[in-house]
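Here's a quick tour of one structure, helix by helix and ring by ring. Have a look at it first, then read on.

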Amino acid sequence: METYGLKRILGLRSAIIINLGAIIGAGIFVIIGIAAGKAGPAIIISIFVSAIIAIFTGLSFSEIAQHISKEGGVYEYAKESFAPSAGFIGGTMWTFSNMIAISAVSLSTGSYINSLFHLHIDLIVFGIPIIIMFAILNMLGIKNSAKTLSILVGINIAILIIFVVSGLFYFKLTDFSNFDPHGFTGIMEGSALIFFAFTGFSRITTIGDEVKNPEKNIPKAIIISIIISSALYSIVAVVAIGLIPSSNLASASAPLSAAIAVLDNPYILIIVAIGGITATAGVVLTGILGTSRVLYAMGRDREIPGTFGRIDKFGTPLYSILLSMAISLLFVYFVGFATIIEASNVSVLIAYSIIDFSAIMLWRKVKRENPKHMREQKYFFIIPLIGMATIFITISYLGLHAIEISLAVLALVSGIYGIKHVMESGGYIRKAKQIIPGYSKVRLFGRSRQQIKK
């Protein structure tokens, strides 16, 4: 029987690019407009608040990553640090969040295509083929995806720099006169929305088996990507509001194109629209990459049907990619754009709160087993506690309907796991594996996608 080996081919640079590809997208090119409608020019503060919230949970991820480097992200981290049930629930909520985010971002890509070509085509017409196209690219292997993301991220950053430099010549301070029209509540509501942009910081944890020196590179990639993206977001937000009032920014489906349009320069307008397309496309690509790997890890452990834990002869989790694509396409049809954003945020925040709690549980375990490590990390537990507190505060500023949707999904997922556990205990179904080897034979991607036979 042939098996296929996994090769760690992603260094720190590639890890950072994958995270930036997941972060620099819908947040800066689309959600910034919606958030500006809540916070006004104070969206700048909202961005920093979101970044701080992301950093606290990012540090929890980083601590766990020093001990666990397997494929699966939230699912694997919570399962190994806390309990299988936490892994299943957290992984499912994270996957649900990212699948609806894929749908939202694919529609955003369509908005910028319309802007670029002056069209008025229904966004679903663009969203469906975009998801299918990037699902196919994922099937070609992570090395190809990483190379594509390197190009997209480079284009995105270059275009955002062009936007900032060009916009400074038409910058108006008067647009900041009514800095916080809705006060503290508006700032927090803006922060709760813009957090959608930062949720990609954990993307690198979903492919832990493919990162070189993961104990160091994953934590570095998480923190560096949050810092770079928050700085970039803040600068772009300042320039965008300096070009047009925040109320105008909020009403635009392609806000950066709307802002730069005041320059009356068709070439720069085209460049920004292209940036919107490449940035949102990168998020769709990394979204399918991340969700398919979590589904793969859950299938590998038989927490979901084992079919999704299978690898094709070229080393890709084909069935998991197809499932991720199918569900994302379903959300494109049935969920409104605003609802997608808020429901996605609530769901991923629930998953991140599980990670914060899991980090505390892992800290307690290491405290018993490695007192020397605890002398260095004596007060680490404060960080995930603050992470959980900021998460619950953020959730309280999101829409009630979105919270209801996410809690319904949480109840459903918890119920499914409970029924599954009862059936396993009764011997009606095969019990999921509890211990997974640290080195999982999953994938090998190279220039020619060569196979390793053992």
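## H1 against H9

Helix H1 (residues 12–23) packs on helix H9 (residues 214–243) at an angle of about 45°, and their axes are 9 Å apart. Axes here are lines fitted to C-alpha atoms, for helices over the stretch in contact, with angles running from 0 to 180 degrees between N-to-C directions. That makes H1 and H9 oblique to each other; angles under 35 degrees count as roughly parallel, over 145 as roughly antiparallel, 65 to 115 as roughly perpendicular and the rest as oblique. The crossing of H1 and H9 is right-handed, where right-handed means the near helix is turned clockwise from the far one by less than a right angle, and left-handed means anticlockwise.

On the H1 side, the residues in contact are Leu 12, Ala 15, Ile 16, Asn 19, Leu 20 and Ile 23, and among their H9 partners are Ile 224, Ile 228 and Tyr 233. Contact means heavy atoms within 4.5 Å. The residues of this H1 and H9 contact split into 10 nonpolar, 4 polar and 1 charged. Ala, Val, Leu, Ile, Met, Phe, Trp, Tyr, Cys and Pro count as nonpolar, Asp, Glu, Lys and Arg as charged, and the others, Gly among them, as polar.

## The ground rules

This is a predicted model, so local features need pLDDT of at least 70 and side-chain atom pairs count only at pLDDT 80 or more, while totals for chains, interfaces and linings use all residues. Residues are numbered from 1 along each chain as its sequence is written, and side-chain values use heavy atoms, with hydrogens and water left out.

## The chain as a whole

The protein chain has 17 helices and 0 strands; helices (H or I, at least four residues) and strands (E, at least two) are DSSP runs, numbered from the N terminus. Of its 454 residues, 59% are buried, meaning under 20% relative accessible area, with exposed being over 50% and partly exposed in between (1.4 Å probe, protein chains only). Among contacts between residues at least 6 apart in sequence, 84% join residues at least 24 apart.

## H4 and H5

Helix H4 (residues 74–81) is mostly covered, with 7 of its 8 residues buried. Glu 76 and Lys 79 are among those buried residues. H4 packs on H5 at about 165°, with axes 7 Å apart, so H4 and H5 are roughly antiparallel. H4 passes H5 in a right-handed crossing.

From H4, Val 74, Tyr 75, Ala 78 and Lys 79 meet H5 residues including Phe 88 and Trp 94. The residues of this H4 and H5 contact come to 7 nonpolar, 3 polar and 1 charged.

## Aromatic pairs

How many aromatic pairs are there? The count comes to 11, where rings of Phe, Tyr and Trp (its six-membered ring) pair if their centres lie within 6.5 Å, and planes under 30 degrees apart count as stacked, over 60 as edge-to-face and the rest as tilted. Phe 88 and Tyr 417 have ring centres 5.2 Å apart and planes at 45°, so the pair is tilted. Phe 88 sits in helix H5 (residues 84–117) and Tyr 417 in helix H17 (residues 400–425), 329 residues apart. Both Phe 88 and Tyr 417 are buried.

Phe 195 and Tyr 352 are edge-to-face, because their planes are at 80°, with ring centres 6.5 Å apart. Phe 195 is buried at a relative accessible area of 1%, and Tyr 352 is buried at 0%. Phe 61, Tyr 77, Phe 195, Phe 201 and Tyr 352 form one aromatic cluster.
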